[in-house]
Amino acid sequence: MITHLGVLQNCAAASRKGLQLRHMGSSRPIESVAIVGAGPAGSALAIRLAGAGFGVTLIERDRFPRQKLCGEFVSPGALPHFAELGVAERIESVGGAAIHETRFYEPGGRSVTVPSAWLGSSSALSISRAQMDLALLERAVEAGVTVFDGAPLTAVSHADGFVESIKVKHEGKEVTVAADLFVDAAGRAKPLTRMVTGAAPPAEKPPYIGFKSHFRPRVSNSGRCEIFLFDGGYAGWSPIENGHANLCFMVRSEVARERGGHAGRIVDELICQNSRAAEMLDGAERVEKWLAVTVSGFGIAELTPALNVFAVGDAGAFIDPFTGSGMLMALEGAETLAGVVKGHQEVNSARQVYRSEFRNRFAGRLRTSAFLRRAAFMPRLAKLAVIAAGSSAGLSEMLARLTRRSGAPLGRL
Ligand SMILES: Cc1cc2nc3c(=O)[nH]c(=O)nc-3n(C[C@H](O)[C@H](O)[C@H](O)COP(=O)(O)OP(=O)(O)OC[C@H]3O[C@@H](n4cnc5c(N)ncnc54)[C@H](O)[C@@H]3O)c2cc1C
């Protein structure tokens, strides 16, 4: 039975609970996996599972390379993943910038520095998502993954609580993809999860809006990612390949609305109130169009929205962008899920184990970043936080490490 979105949304809420109860005991082997979304989570998972002999199909809405809204700061912990996935050389050949430290500037110009060594190794990487995501997708093809790109998910077919197949629109035709296990790796929009659960689309007035574009900078900040805190949000400024720099910022949505949603006005009127931002952005020439996204919330979402549907990456949990660790979490989440699928090869036990391993690995750092979020959006608190962290290397190192750490959250230390 093919169930299109509207029909599924009506029946899913009523039927889901009963279906889950009836099938708690049933078991299904996993031989084939269909993954929706070819960001770092989806491509990394596809590469890992194809390498372990599973039949993998990867479905991506866009055609790569494409620009993607992101701070483009790749945390040091991601680099060993690139090596394991077989993309390290390909990514290195793009020529991204090595980042040795991240410096947080409060509006008045005081700063606190977080060396990349505190986050895992002596350097992080700054590289455009266009090139990074392309490298991962190309590697997935090499690893034997069947890829449909330019192929948005359009419908889900389910029976007895299991998703049997999904439909995607590819080159003007509808293609049906059947699998034993389906993975929502399509980012914060979670289209597969929404289709199977009937969850409402995100709030009409989301609390935050993110913007990003690339610039030709006048002033170099080689080797350093800079975070500018300002009234209503924060911005990240990082060198990337080709001598360009990425400016990515997140603001409370009313701040954007008051400025008609114009990124340029937010830069001039708010970001440049931060004295360091004004210095770095002075004379910088924008070389790409602005991208914008809404952000509805943070934290762990529904990890197993149906009996054989799992969520990974941002679809599973979203961490605050100021941590610069969303891509790391996407890669780590893919590693966790691939390990669970390889170890269990059956959906019921895989489901239980995945939920518990995911929480063990990520709940602590998500709580730490929720705690720090208060300071990120309030300039007075941000100033105090920068002064406090700047006066104690021990404190700033502990906070930086906690945004990456598995296990105990801040509240339990
Ligand atoms: C403002 C901002 C700044 C950030 N800065 C950083 C940073 O500096 N460093 C960092 O590590 N993280 C950062 N992040 C977080 C990071 O971007 C995400 O954590 C990361 O991209 C998650 O990867 P993913 O693979 O889960 O999802 P995504 O990268 O979002 O990939 C999902 C893929 O699914 C595809 N897709 C979506 N819908 C469909 C559909 N219907 N059908 C088929 N395919 C679909 C999309 O086209 C996309 O390619 C930032 C986020 C924001 C909002």
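Over which residues near the end of the numbering does pLDDT stay under 50, and how many contacts beyond four places in sequence does the model have for them? In this predicted model, pLDDT stays under 50 over residues 408-413, a stretch for which eleven contacts beyond four places in sequence are present. Where pLDDT is low, the predicted coordinates should not be read in detail. For the chain, the mean pLDDT is 88, with 91% of residues reaching 70 or more.

The ligand is surrounded by 40 residues, of which the closest are Gly 39, Gly 71, Gly 187, Gly 313 and Gly 326. Two or more residues of this shell come from each of helix 2 (40-51), strand 17 (245-252), strand 19 (291-295) and helix 10, and the largest contribution, four residues, is that of helix 10. Sorted by class, the shell around the ligand comprises 23 nonpolar, twelve polar and five charged residues.

Helix 10 (residues 326-344) also packs against helix 11 (residues 347-377), at an angle of about 150° and with the two axes 9 Å apart. Because angles over 145 degrees count as roughly antiparallel, helix 10 is roughly antiparallel to helix 11. The crossing of helix 10 with helix 11 is right-handed. Among the residues that make the contact are Met 329, Leu 337 and His 344 of helix 10, together with Ser 349, Tyr 354 and Phe 362 of helix 11. By class, this contact between helix 10 and helix 11 has nine nonpolar, four polar and three charged residues.

Definitions and conventions. Residues numbered from 1 in each chain as written. Predicted model: local features only at pLDDT ≥ 70, side-chain atom pairs only at ≥ 80, totals over all residues. Axes fitted to C-alpha atoms, helices over the stretch in contact; angles between N-to-C directions. Parallel < 35°, antiparallel > 145°, perpendicular 65-115°, else oblique. Left-handed = near helix turned anticlockwise from the far one by under 90°. Contact = placed C-beta atoms within 7 Å. Nonpolar A, V, L, I, M, F, W, Y, C, P; charged D, E, K, R; others polar. Near = placed C-beta within 6 Å. pLDDT = per-residue confidence, 0-100.
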